[in-house]
Amino acid sequence: MAAKSRASARERSPLDNPWVRGVLVLAAFAALAVGFAVVDLDPDLAHVDVRVLSGSEQGNYHAVVDRMAQEAEDHDGMVDNVSTRGSIDNVQQLAAAQASCDVKFGLAQDGLPWPDDAGLDLVARLPRPETVLFLGQQANTIEVVADLTGRRIGIGPEGSGTDSLARQLFASRGLQNLDVTLVNMPIADQLSQLKAGTLDLGVFVIMANAQAIDRAVREEGLTIASFKHARSIAEHLPIVRSEVMPAGFYDPFLVLPQEPRNVLVVDTLLVGNGCASRAETMGVLTLLESVYPDLVAHNNRTPNQSGLPESEPAQVYFANGGPELLDRYVPWLANVIPMANLIQLSLAVSVLLNLMTLGHKFRLWRIDALRVGLENRLQALFGTAVSEKVKEHPVEGFSAEERTDLDHLIEDFEALRVTCRQHSLSWLVPMGQEMSYRHQETLIIERLVALAEFEERLKA
């Protein structure tokens, strides 16, 4: 009796009712539609709201972050450009802000003395390096390192990035024994003393096209030193590279400088302090890439010799060539999915794949049903649905009404062929199931060829 009761219960299960099953299927599709509705198919950067340490308002760092801020505003994001005293100040502020996280990123010159255990990481290298310029009234006479002997050289404010790089440079092999006098002073004073001749040389770590340098060369008559062995200097100080500044860089008409200059360059880094989320890091990199389109290629081909660990989200960004789909469309989800939730994620993917398979089978069933319907019309018109017999069907006695039916039948077969091809390319089709559509398309094309040949005979 118990077994009969259980059998009866199974027979009376609500799932046996086709209406109930239909409602459940519709509910599943509705849930999937709601899920897609919360995904922004036109992603923005509204999740980016960060403060970035730059530099002086007249400097290149400030200009770069300004461009990022403008891009962020255009995409509903927010970047607050924080003026600072430069690279060293940025590093110190980033390290001190780890408790409050009021700032999360900053620009800094490569090769700085990073604080121990500060938790800083390398987010990106800017593709446009800064140039290490030796300026002076007679700097164009300097060709080798030995020409620096006995010079009085300005190296920027104490504790600045220029000061740090210059002291590393003059402590490197071949330069540590030069009898030079290094003087710290503000950049404006350094330029004034160079113009007055009370300072032999001044070291500037700056963008080569900076307005102050352009004016110093074009209007104030300062010249640029060139080192024949710049590559050798860079070999012993890995944070710098050698490049050639072309003649006429500042003025092609007056040809300033008059000869190509062998100079050193140093990278600018975007540094983080670990406070930013994965989505914020991805967003900031997206903004930076809008300023420097070759950002990804430059970071992929340039080894990290800064001494800082690389940011994990940044590694993903550069390896992927940009943000991944999850980071682009649902950044909040990318922030909250840890490894422990991968099982749930796998289950969700499995459900999605099953729904895709269901949609695929439904489409395939509809195509087959429509094809059979057209073949029934073909049978009614020719007395057969076999392609070879349709080709051989006599044209005599084919009425005008039958000609109209023939035209409509060809149009409907062609429309079904197009639909079949579109469905075969759909993302709903599971991998390897395309052949089911190809089979249907082959049957449709056979009928179309037979009808076309018969129509040609009919016209002839």
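Let me begin with tryptophan 365, which is partly exposed at 49% relative accessibility; buried here means under 20% relative accessible area, exposed over 50%, and partly exposed in between, with a 1.4 Å probe and protein chains only. The charged end of arginine 366 sits over the ring of tryptophan 365, at 5.3 Å from its centre. For that description, NZ of Lys or CZ of Arg must be within 6 Å of the ring centre and within 35 degrees of the ring normal.

A word on the basis of these values. This is a predicted model, in which local features need pLDDT of at least 70 and side-chain atom pairs count only at pLDDT 80 or more, while totals for chains, interfaces and linings use all residues. Residues are numbered from 1 along each chain as its sequence is written, and side-chain values use heavy atoms, with hydrogens and water left out.

Now the overall picture. The chain contains 17 helices and 12 strands; these are DSSP runs numbered from the N terminus, helices being H or I of at least four residues and strands E of at least two. Of the 460 residues in the chain, 42% are buried. Among contacts with a separation of 6 or more, 77% are between residues 24 or more positions apart, a contact being heavy atoms within 4.5 Å. The chain exposes about 24,600 Å², and 55% of that comes from carbon and sulfur atoms; the areas come from the Shrake-Rupley method with a 1.4 Å probe, and for residues only the protein chains shown count as cover.

I turn to the aromatic residues. How many aromatic pairs does the structure hold? There are 8, where rings of Phe, Tyr and Trp (its six-membered ring) pair if their centres lie within 6.5 Å, with planes under 30 degrees apart counted as stacked, over 60 as edge-to-face and the rest as tilted. One of them is the edge-to-face pair of phenylalanine 134 and phenylalanine 227, 5.3 Å centre to centre with 80 degrees between the planes. This pair links distant parts of the chain, 93 residues apart: phenylalanine 134 belongs to strand 5 (residues 130–136), and phenylalanine 227 to the loop between strand 9 (223–224) and helix 8 (230–235). Both phenylalanine 134 and phenylalanine 227 are buried. By contrast in geometry, the rings of phenylalanine 362 and tryptophan 365 are tilted, because their planes stand at 45 degrees, with centres 5.8 Å apart. Phenylalanine 362 and tryptophan 365 are 3 residues apart in helix 14 (residues 342–382), a separation of about one helical turn. Finally, Phe134, Phe170 and Phe227 form one aromatic cluster.

Next, the cysteines. A search of the whole structure finds 1 disulfide, defined as a pair of cysteine sulfur atoms within 2.5 Å. Cysteine 101 and cysteine 275 are the partners, with an S to S distance of 2.1 Å. The torsion about their S-S bond is about -75 degrees, so the disulfide is left-handed. Which parts of the chain does the pair tie together? Cysteine 101 lies in the loop between helix 4 (87–96) and strand 3 (105–109), and cysteine 275 in the loop between strand 12 (268–272) and helix 9 (278–291), so the joined parts are 174 residues apart in sequence. Cysteine 101 is partly exposed at 26% relative accessibility, whereas cysteine 275 is buried at 17%. Cysteine 101 also has a positive phi, near 60 degrees, though it is a residue other than glycine.

Aspartate 76, not a glycine, has a positive phi of about 65 degrees. Aspartate 76 is found in the loop between helix 3 and strand 2 (78–82) and is exposed, with a relative accessible area of 54%. A cis peptide bond joins leucine 256 and proline 257, with omega about -5 degrees. Proline 257 is in the loop between strand 10 (240–245) and strand 11 (261–266).

Leucine 288 touches Val64, Met68, Ala124, Leu126, Leu270 and Leu295, leaving aside residues up to four places away in sequence.
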